[in-house]
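Colleague: I am new to this structure and would like a close look at a single part of it. Please take me through that part in one connected answer.

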Amino acid sequence: MDNYSVIGKRIKNRDAVTKVTGKAVFAADIKLKGMLYGKILRSKAAHARILSIDVSEARQLKGVKAVITCEDTPLIKYSIHPLMADKLAFEDKKVRYIGDEIAAVAAVDEATAIKALSLIKVDLEELEGLFDPVEAMKEGAPKIHDHLETNVSKHFKMDCGDIEQGFARSDFIIEKTFTTHAQSHSSIETHACVADCGLDNQVTMWVNTQAPHPLKHRISQVLAIEPEKIRVIPPYIGGGFGSKIDLDTTHIACVLLSKKTGRPVKIINTREEQFTATRMRHPSITELKFGFNHDGTIVAKQARAIIDNGAYNSHGPSVMGYHNVMFSSLYRVENISYEGSLVYTNKNYGGACRGYGDPQATFAQETMMDMIAEKLDMDPIELRLKNSNHPDEKTANAVEITSCGLTETLEAVKKASNWSEKKKTKKKYRGLGVASMIYTGGGSRGSGFNYSGATMKMDASGTIFLNTGATDIGQGSNTTLTMIAAEILGMEPEQIRLITSDTDTTLPCMGTFGSRVTFCAGNAVSQAALNLKEKIIARAADILGEPVVRLEIKARNVCVAQEPEKGIAFSQIGAVSYSQKQEVLTGAGYYDGPEIAKDFDPKSYYAYPGPAMSFATHLAEVEVDPESGRVELINFYAAHDSGKVINPLLAEGQIEGGAVMGFGWALTEELKFENGRILNPNFHDYKLFSIKDIPQITPILVETIDPNGPFGAKGLGECAMVSTAPAILNAICDAVGVRICDLPATSEKVFNHIKLK
Amino acid sequence: MVKKYPVRVNVNGDDYEALVDPRKTLLQFLREDLDLTGTKEGCDEGDCGACSVILNNRVVSSCLVLAVEVDNAVIETIEGVKTGEELHPVQQAFVDSGAIQCGFCTPGMVITTKAMLQEMPNPSTKEVKEYLAGNLCRCTGYVKILDAVENAKEKLKNG
């Protein structure tokens, strides 16, 4: 057993008291003197040429202080992928989806800004809209982006082993097509931004972003403003789930309107804008072909995927990369073939969304695994155990696995759910289903970078400060990162003063995504704390006249081993350092790993450079009402290998929240499109799970010790919803014998499948 | 200019008098005119519960109430829940149970829980689920919110 005083403890979220009293300031709560209110004019057409934009009447309206269009911007395109940038802040020639930005207004109040939008005259020539990626791929289809040859934004093929020989050697082959739908992130806080740009060209932004340091960089690029003039300050952030990573036109508009007026400007998305004009989970079509033997060994697997990009790239190119990596890396299979096409359509566009292409891949693969188990009359858990990944292995697609608890997660859900007994005594309309997953446990260097920095210092009073670029969007990194520092420095986490995210006062961090913060920022914090600890002990040794090896830190005192009365308090060390030695003790830490392998392919993500892989198995117990098709979740078990768990209370919260987001994707949440228009852009018609709908959820933490993670930890946040949907759909099949391969499994769909059986 | 109407209202024990635009919702009035920004706007159409406040002893979505309707009313917002140095037992229960992640739905959840436990001190799990069904949370999956309610029930019983 490890002997930690802080790590592994159920420590309460350090921001909880601020949040529970309503004192936490979110972006929309900010009110500055003289502040104006901004609104964005969005396209009502799915695909159209812009003939003219007349803002003269809007500019005349009393209370309107500025109106901007593409003419007020440097016309620099942006995207997460700089070489595939395709989005302008305000479109100049064409609009490509309903919601596309055309102009923005700043006025003395919101009502005036909305009125001004209605006075902007936009002359459009409507073009044929493309809403189905299969249609958009056909030869002769109208082009959505004129500068490209086709509507395929990215295409790649990856082969490992010999797929044809693999199929030839297989006892059985199954082929099946799986489709998944658009899900909205639905953080309860919408996008909001306040920008204050004075006449001195300084830019200060308060934004609910998951990635403040990259945002500063992107604002600098897209508006051609020197980075030293930009400061991004994230206030408290009301959830993100991937939706708040990108640079967004609301940010650009806020800065431009503030520069134009010399006054602070605030823009807050309405819930409808949040649904229709911020990112969503990419819909997908995945054709699978699996070859396998009598004993359950998967010999060969092939995927042909179409990812529906929507109108612009955002994260699409790497989401497709992840779709391949996670499909190909789960289970030990030697012969793999993957071919993917990322296709533009005239719809709201996909982005990073919890799981990042993995839920789509895992839904297909894990449903296929159950079809194989059925064919072989084999227990689905046994089949997965047979093909399970192991520690210290390299997969066929050259992904290095360090720690791996996949087998243990399968065994844990089997035991917790009483699987074997329940399978034997199966009740009518009740069913059990499992699904496993793999995902990165620490971001990746797929883009070339995976950096996080941290600094620590001791001031003259002996107070310890941690400055980290990592951003807490609700997942709890403020708590876990201070726990890591506190463990090393022999103190309580709440005794550490914490400064995060502000681009002026923290070292750059890539941001909160890719389940990377615990691993990457945790490693940086750990290094900074060790660095500071060494200096504190050296200073104490100097003052006490004792050798360093005899000293240890206990409760903010440096003590001499075996002579507890001989020690010196942090307060004295800080005072002596500052006033006598003229030195502030500091520590710095930086992480940017892992090494990128020589054979890494940035297109397909072959030899994916992730520093650690996390694993999980979910198990659902459902009851299906054959009269209505309604699926009731009875029990849900989620076993996760996230390495050493820094804080079980917060880890359980991630698992429970992820599972419920997965329930929604599996059963009730679907953005419905009609000719490019979203029909249900509100919480009334887009159904999140409420507290009424949740079953008993049992989170299980299967601990492994990752050799490269801080205290052995790996990431968790995104993993938490990846295998939820296939577990539920496999349970539905177990309950009523219908195999649904197109998500979501709405009551209507389940009912129709039962009727057709 | 839109004609404004006088409103006299007691919020968290303090009396306010204001001239209010009749188009303004109670949510906007609290956040913009009284600077009580603890109450959150998640949807502005009555679906998410983030803007819940207690109006004359009943929980309402403040985005669905017009400010002019609250003349002579008594309102409690999240800022009024904690009265002394200590957190209210419901707040303490949310903190202790790990029921708070991003915290954006939290004020509405706390207000609704407090109102529920005033109405029925010992609700069953089913009753709790019914009462809180209008408050959406995307982060927690509600499990630890249910723990918090149980915890708050006990705290209030013993306190």
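This is a predicted model: local features need pLDDT of at least 70, side-chain atom pairs count only at pLDDT 80 or more; totals for chains, interfaces and linings use all residues.

Into which domains is chain A divided?

Modeller: Chain A falls into domain 1 (16-22 + 451-592), domain 2 (31-127 + 189-238 + 244-277) and domain 3 (284-445 + 598-756).

In chain A, seven strands make an open sheet with mixed pairing, in the order β3-β5-β1-β12-β9-β10-β11. The edges are held by β3 (64-68) and β11 (230-233) of chain A; each has a single partner strand, so one side of each is left without a neighbour in the sheet. On average, and with direction ignored, neighbouring strands of this sheet are turned by 20° against each other.

One pair within this sheet can be followed residue by residue. Strand β9 (residues 192-197) of chain A and strand β10 (residues 203-207) of chain A run antiparallel and are joined by five bridges. One of the pairings links Cys197(A) to Val203(A), its bridge partner in β10(A). Helix α6 (residues 212-223) of chain A packs on the sheet, where it touches β10 and β11 of chain A, and its direction makes about 145° with that of β11(A). Helix α7 (residues 249-261) of chain A lies across β1 (36-42), β3, β5 (101-107), β9, β10 and β12 (265-268) of chain A. The helix α7 of chain A runs at about 30° to β9(A).

That leaves the other chain. The contact between the chains takes 45 residues from chain A and 43 residues from chain B. On the side of chain B that touches chain A, two or more residues each come from α2 (89-96), α3 (106-119), α4 (125-131) and α5 (143-158) of chain B. That side of chain B has 22 nonpolar, 10 polar and 11 charged residues.

Of these helices, α5(B) can be checked for length. Its 16 residues, at 1.5 Å a residue, should span 22 Å, and its end C-alpha atoms are 23 Å apart, which agrees. Among the buried residues of α5(B) are Val143(B), Ile145(B), Ala148(B), Val149(B) and Ala152(B). Lys144(B), Asn151(B) and Lys153(B) are buried as well. The cover over the buried residues of α5(B) includes α17 (648-668) and β30 (696-701) of chain A, together with α2, α3 and α4 of chain B.

Chain B also has strands. Strand β1 (residues 5-11) of chain B pairs with β2(B) in the antiparallel sense over seven bridges. The two form a hairpin with two residues between them, and Asn12(B) in the turn has a positive phi of about 55°. Val11(B) has Asp14(B) as its bridge partner in β2(B), and Ile75(B) as its bridge partner in β5(B). β1(B) pairs with strand β5 (residues 74-76) of chain B in the parallel sense, over two bridges.

Note on methods. Residues are numbered from 1 along each chain as its sequence is written. Chains are lettered from A and ligands numbered from 1 in the order in which they are written. Two residues are in contact if their C-beta atoms, placed from the backbone, lie within 7 Å. Helices (H or I, at least four residues) and strands (E, at least two) are DSSP runs, numbered from the N terminus. Ala, Val, Leu, Ile, Met, Phe, Trp, Tyr, Cys and Pro count as nonpolar, Asp, Glu, Lys and Arg as charged, and the others, Gly among them, as polar. Domain bounds come from an automatic or database domain assignment. Two strands pair if DSSP finds at least two bridges between them. Axes are lines fitted to C-alpha atoms, for helices over the stretch in contact, and angles run from 0 to 180 degrees between N-to-C directions. The expected span of a helix is 1.5 Å times one less than its number of residues. A residue is buried if 20 or more other C-beta atoms lie within 10 Å of its own, exposed if 12 or fewer, and partly exposed in between; C-beta atoms are placed from the backbone.
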